[in-house]
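Reader: I've got the sequence and the model up on my screen. Can you walk me through a few spots?

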Protein chains: 2
Amino acid sequence: MTGRLTLPTDADIIDETIRLKNLLGADALRDCDGTEMPEALLSEPVKKYATYYTTRKDNAWAMKHPEEIQQEYLISNRITARGETLRIRLMEGFHTEQLKVNTLDDPKRWWEVIDRTTGEVVPTDAWEFDEASGEVEIRTIPYHEYTVSFLAFLIWDPVHMYNFITNDWKDTPHQLTYDVRQPKTKQYVKDKLKKWCEDNPHIDVVRFTTFFHQFTLTFDDKKREKYVEWFGYSASVSPYILEQFEKWAGYKFRPEYIVDQGYHNCMFRVPSRQFLDFIEFQQIEVCALAKELVDIVHSYGKEAMMFLGDHWIGTEPYGKYFAGIGLDAVVGSVGSGVTLRMISDIKGVDYTEGRLLPYFFPDVFCEGGDPIGEARDNWRKARRALLRSPLDRIGYGGYLKLASNWPGFIDEIQNVVTQFREIHENMQGTASYVAPFKVAILNCWGSQRRWMSNQVHHAIWHRETYSAEGVLECLSGMPFEVEFISFDDVRNGIPEEIKVIINVGDAYTAFSGAENWIDEKVLTNIRRFVDQGGGFIGVGEPTAYQYQGRYFQLSDVLGVDREMCFSLSTDKYNEKNDDHFILEDIDGALDFGEGTSRVYAQGGHYQILAMDGEYSQLVVNEYGRGHSVYFAGLPYSPQNCRLLLRAIYYAAGMEQEMKRYYVTNVDTEVTVFQKTGKIAVINNSAQAQHTELYIKGKCAYVLDLKPGEMRWVDDMEDR
Amino acid sequence: MTGRLTLPTDADIIDETIRLKNLLGADALRDCDGTEMPEALLSEPVKKYATYYTTRKDNAWAMKHPEEIQQEYLISNRITARGETLRIRLMEGFHTEQLKVNTLDDPKRWWEVIDRTTGEVVPTDAWEFDEASGEVEIRTIPYHEYTVSFLAFLIWDPVHMYNFITNDWKDTPHQLTYDVRQPKTKQYVKDKLKKWCEDNPHIDVVRFTTFFHQFTLTFDDKKREKYVEWFGYSASVSPYILEQFEKWAGYKFRPEYIVDQGYHNCMFRVPSRQFLDFIEFQQIEVCALAKELVDIVHSYGKEAMMFLGDHWIGTEPYGKYFAGIGLDAVVGSVGSGVTLRMISDIKGVDYTEGRLLPYFFPDVFCEGGDPIGEARDNWRKARRALLRSPLDRIGYGGYLKLASNWPGFIDEIQNVVTQFREIHENMQGTASYVAPFKVAILNCWGSQRRWMSNQVHHAIWHRETYSAEGVLECLSGMPFEVEFISFDDVRNGIPEEIKVIINVGDAYTAFSGAENWIDEKVLTNIRRFVDQGGGFIGVGEPTAYQYQGRYFQLSDVLGVDREMCFSLSTDKYNEKNDDHFILEDIDGALDFGEGTSRVYAQGGHYQILAMDGEYSQLVVNEYGRGHSVYFAGLPYSPQNCRLLLRAIYYAAGMEQEMKRYYVTNVDTEVTVFQKTGKIAVINNSAQAQHTELYIKGKCAYVLDLKPGEMRWVDDMEDR
């Protein structure tokens with residue numbers, strides 16, 4: 001089997017590229033940031049991708065049009081006034097090689113000084129910008145704290161800067177950014193793309209990296225990462241755009257809508273109405289302009305592929321406007337099951353491609369690095385998600401030479417590629433079996449950000465988040481159709497196919513839902529849903545909002561609340577009884593990750609399945625004809641996938657359906673393609689595993705799997 | 001040495017009482033609940049205390065005047081309506097032997113039905129009480145949650161019920177309670193007290209247990225403790241009293257002021273204005289009426305002693321009206337240093353007496369019990385507080401026979417009594433040395449509740465509280481004058497003698513301060529105080545209130561904030577450097593108790609002294625001329641006393657003062673009585689300890705102390 005594979009190449013590795021292309025059966029080659037597609041390979045019988053930068057790699061243009069360089073809203077350090085005036089040096093803590101204060105547009109129109117002690121905006125006549133010193137002088141109230149929100153030009157593209165630092169580039173000039181949304185640059189970039197298409201007849205796929213606005217990536221004065229938000233819109237602004245926004249929205253723009261108290265509208269913040277307006281406006285404009293570029297590419301008979309990353313801001317692949325771009329493909333980085341589903345679930349393109357890890361960069365391919373281990377872990381997490389929702393292609397990025405020289409690494413990816421092709425071979429484009437009901441993740445973002453919730457910067461591990469994000473990682477490879485619904489969806493009536501709603505996250509975040517939980521419409525609709533037989537699963541601080549005697553507003557549904565010190569005088573009498581359907585497969589300790597402390601069971605209908613001292617960690621509750629399950633945390637692990645699988649069937653009241661297809665060993669999972677009659681059993685662990693495979697509730701196969709193995713068997717229902 | 005000691009006695013232990021009185025040098029005998037003072041002992045040459053119950057032990061009276069039986073505001077279970085009507089059974093979850101719904105007073109006037117989903121009061125025409133079933137029927141909105149707040153008669157005194165259950169009494173009739181505040185009972189109780197004084201000429205001290213209103217102690221339907229709040233006013237209500245309150249306060253009373261969403265104004269709640277009004281009103285009335293009883297006692301030449309516990313509600317010993325009662329003495333239970341200081345710091349009485357633990361009850365004097373260990377622990381914690389602020393007397397309670405029969409127990413208390421007398425002998429009524437500045441605990445209760453903060457029910461250990469309450473326990477035996485100040489005190493200007501302010505507790509509680517932290521007056525006064533050289537110590541979630549980009553509102557002063565998921569995209573770069581004055585004495589692991597997760601250092605002036613992974617646990621910060629210290633938690637331990645001692649001197653900027661008097665061994669402490677020239681060095685551990693004693697910065701003594709020893713040496717400054 002060949003095909004479905006893209007390899008990177010470079011000028012210094014031509015023969016080896018051809019050898020590996022043949023060995024691995026690659027059908028596409030690509031260049032990367034910092035590498036070049038060699039002339040000699042242009043005639044190879046494979047697709048050639050060219051990385052195309054719309055916003056950089058043309059410093060001459062950028063320098064000629066400084067007013068059209070990209071801009072970012074920054075917020076200064078918070079400084080406490082000691083007296084009646086205060087000077088704040090704007091660039092303190094930022095890197096002056098990356099950012100430069102915008103002195104071209106009127107500060108009084110576009111900046112904002114805020115008294116953070118009161119939250120009040122300081123009138124523009126109470127502060128002045130001193131350009132010479134780069135400081136803003138403010139008339140202050142002593143011992144109040146102040147910030148200045150201001151615009152700065154992005155004089156070094158953040159990803160270029162990142163690659164430059166990571167790869168220790170020396171003489172490469174810093175690439176400036178220009179804003180394709182602005183009039184002169186827009187025309188220039190379109191013309192340039194046409195010319196580029198003409199000049200590059202051998203290129204089959206234009207791989208946009210990406211369109212116009214970089215996610216927020218800001219460096220500090222020591223060239224260290226200072227702030228990174230993969231979903232951030234802070235670097236998609238300019239007075240030119242904001243004036244258009246004001247017209248569209250019908251109200252005056254404020255810098256605070258972007259800097260957001262210094263939180264920069266991180267995804268955990270409950271989005272304000274104005275921020276939601278802004279991202280919608282950006283999507284409309286970005287998608288329309290992206291379509292113009294895609295149309296140019298198509299007019300030259302080439303394909304247009306978008307990289308989901310870098311300058312992807314405004315393209316929101318689950319937004320309303322994405323399909324209108326008319327892209328042929330999306331490619332993105334696969335760090336886990338969740339990030340794979342984020343790509344593979346995208347509609348409105350012909351195909352999707354995942355760039356597997358590790359990236360062939362010297363930070364992993366180095367002494368002490370473990371690229372083979374990373375590749376293996378990455379594949380195990382990706383594979384279970386792939387089986388549910390396949391990417392059409394996979395590929396790698398970086399310096400091919402590094403991979404080629406690392407002993408055993410090529411064998412490892414050969415194994416990955418073979419398994420990937422086997423999946424497509426066996427599924428034949430058909431859907432895998434899912435339970436006869438839908439599962440919904442409920443948060444403030446809903447379907448607009450499928451598989452994007454509860455994570456920081458493309459699902460990087462954070463101690464604060466892994467115990468919640470694990471729910472999504474588990475789900476990414478489970479046999480359920482997963483919807484992402486918003487609180488408005490709940491207000492408008494919970495869709496009928498949904499049988500289980502999951503609410504996961506920390507109190508007062510966009511993921512648990514914050515003030516939505518004191519909206520009686522939300523509460524009553526969910527209570528009715530569960531009372532009439534639905535399931536509700538809460539993880540962490542679900543439904544949390546301190547109000548009217550409860551912290552978890554659906555404590556009646558969940559059977560638990562959290563002790564915030566106000567009910568310490570109330571005796572709890574919580575006792576464990578772990579005899580329950582959910583724990584039937586589980587031996588040994590449960591892992592709730594960081595967990596959530598101080599949770600106790602209450603009401604008359606609960607059963608506590610796990611405790612930490614006097615705190616409850618896993619609790620089930622009956623509510624009318626429905627069921628709920630509470631988890632103190634649920635980091636990703638094979639065991640927790642099984643816990644969640646059982647919790648979902650229990651919550652749905654469908655326990656008897658679970659063994660339609662089932663593997664007894666917790667470290668294994670099963671995926672069934674009923675139309676082709678093929679079943680995959682995967683070993684998610686690094687040890688050999690023995691498992692029975694149940695079909696229609698009966699043991700159909702007894703299997704011994706090698707570490708990490710994927711075994712295919714036939715769907716023989718009537719054996 | 002003899003004296004300063006009270007022993008309990010009983011009818012069945014007359015000779016042994018005399019033997020122990022002589023052996024231990026007791027100068028007072030007392031009876032207890034369930035025991036009797038034997039006639040034979042009335043002629044002994046000691047003071048005789050008689051426990052006097054103003055509100056119970058007279059069921060005949062109570063039954064004759066059911067309308068004057070004491071009442072409690074209860075809140076029913078929270079019940080979610082499934083349809084348009086709902087019936088709530090009021091007594092569900094309560095014990096019908098303890099409480100009985102008040103059907104004498106008009107429910108529509110005194111009860112409240114609340115929709116807890118919206119917080120709205122249900123109009124009185126939308127519900128009815130069905131006396132036959134004991135249910136309230138409510139016209140409901142489906143899937144809203146409802147509660148009924150109602151009045152119930154206390155038909156079994158809670159403490160009598162507690163003693164009855166704990167001691168497994170069988171045939172004792174349940175003692176009803178009557179309300180001395182009500183007109184008929186008031187007269188009756190006064191007359192009865194006069195008669196009692198006449199009938200009991202041999203009694204020297206009338207030990208009121210206590211006056212009129214029991215702290216809240218409610219049992220569930222299985223006779224288990226359901227709710228206990230030692231500071232609770234819920235059982236001090238009646239329509240008779242509330243109508244007076246309405247007149248005094250000038251507004252209409254609402255049951256919600258008492259039931260408080262079901263939290264019953266637990267001390268962790270930020271008290272509402274109405275609740276503060278209510279407790280002030282109760283203090284005025286209770287103290288005035290208590291004075292009448294005390295005057296009667298005095299008129300018979302007897303002393304009046306108040307037990308700080310049981311029916312102490314309304315006497316608030318640190319309140320404005322307490323001294324007016326004219327008591328001779330207060331006696332209370334000493335469970336720790338904090339509870340000792342709560343008694344020994346009381347002004348307005350001639351003497352204080354502490355009832356040491358354990359109580360001679362069969363729950364400790366039993367197989368598996370460890371009364372000697374309890375006595376020893378109790379004494380070690382009490383002793384260090386005693387040395388700072390001495391009780392005048394100590395005593396014990398319960399069944400003397402149990403203590404007498406337990407091998408070795410009498411030896412143990414003989415040791416305690418000897419040490420106690422040594423302290424008085426050496427201090428001669430003079431004050432011990434304290435640092436030349438004051439330390440303040442800042443919370444919503446301020447001086448009204450000295451040594452009462454951060455605790456549940458008389459400082460019972462709770463996993464949720466010990467890491468905060470430890471600060472007070474440490475302070476109770478430290479050489480600092482401690483003030484308890486409120487946010488109003490801060491608003492009005494921080495008193496000049498105060499050099500260090502401590503804010504300790506969980507977010508949004510009365511102890512950390514909740515919305516006070518978004519009051520610019522509070523913030524600016526504290527910032528100015530620290531900037532000009534003051535110290536600020538935060539423990540747990542100090543100054544917490546999510547607002548304007550910060551969770552800890554004084555993050556600039558503290559140098560730390562807590563990650564509530566909104567700044568996960570901001571890089572932290574926290575690194576430990578534990579080379580600091582505060583840690584100079586400390587070997588081995590630090591103990592932050594439950595700690596506080598997700599704390600990180602920020603700003604440019606911090607030093608991190610301890611971390612747990614990427615989280616900071618102990619951080620110092622410079623702020624202008626002042627200093628701050630942040631602790632993730634500070635449970636009581638000898639080591640943490642030392643940490644706090646050093647932290648306070650550091651925060652005060654007075655490091656050089658610390659070795660005025662100092663012991664090098666962390667498990668020891670030193671107390672100095674400069675006027676008598678006596679120094680006590682105590683070993684707070686159960687092991688032998690070697691320590692140097694510094695005076696004026698120089699080593700003056702080298703001491704080897706036995707386990708738990710208290711060694712007296714002379715204050716020889718010029719050796």
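Reader: Which residues have the most contacts inside the largest nonpolar core?

Author: First, a heads-up: this is a predicted model, where local features need pLDDT of at least 70, side-chain atom pairs count only at pLDDT 80 or more, and totals for chains, interfaces and linings use all residues. Residues are numbered from 1 along each chain as written, chains are lettered from A and ligands numbered from 1 in written order, and side-chain values use heavy atoms, leaving out hydrogens and water. A nonpolar core is a set of buried (under 20% relative accessible area, 1.4 Å probe, protein chains only) Ala, Val, Leu, Ile, Met, Phe, Trp, Tyr and Cys residues joined through side-chain atoms within 4.5 Å. The largest has 220 residues, and the most contacts inside it belong to A:Trp111, A:Leu475, A:Phe480, A:Ile537, A:Phe631 and A:Ile648.

Reader: Which helix gives the most to this core?

Author: Helices here are DSSP runs (H or I, at least four residues), numbered from the N terminus. With twelve residues, the top contributor in chain A is helix H8 (residues 273-299).

Reader: Is B:Ser555 buried or exposed?

Author: B:Ser555 sits in helix H16 (residues 555-558) of chain B. Its relative accessibility is 1%, so B:Ser555 counts as buried.

Reader: With which side chain does the side chain of B:Ser555 make a polar contact?

Author: A polar contact is a pair of N or O atoms within 3.5 Å, one able to donate a hydrogen and the other to accept it within protein; residues adjacent in sequence count only if both atoms are side-chain atoms. At 3.0 Å, the partner is the side chain of B:Arg550.

Definitions and conventions:
Helices (H or I, at least four residues) and strands (E, at least two) are DSSP runs, numbered from the N terminus. Buried means under 20% relative accessible area, exposed over 50%, partly exposed in between (1.4 Å probe, protein chains only).
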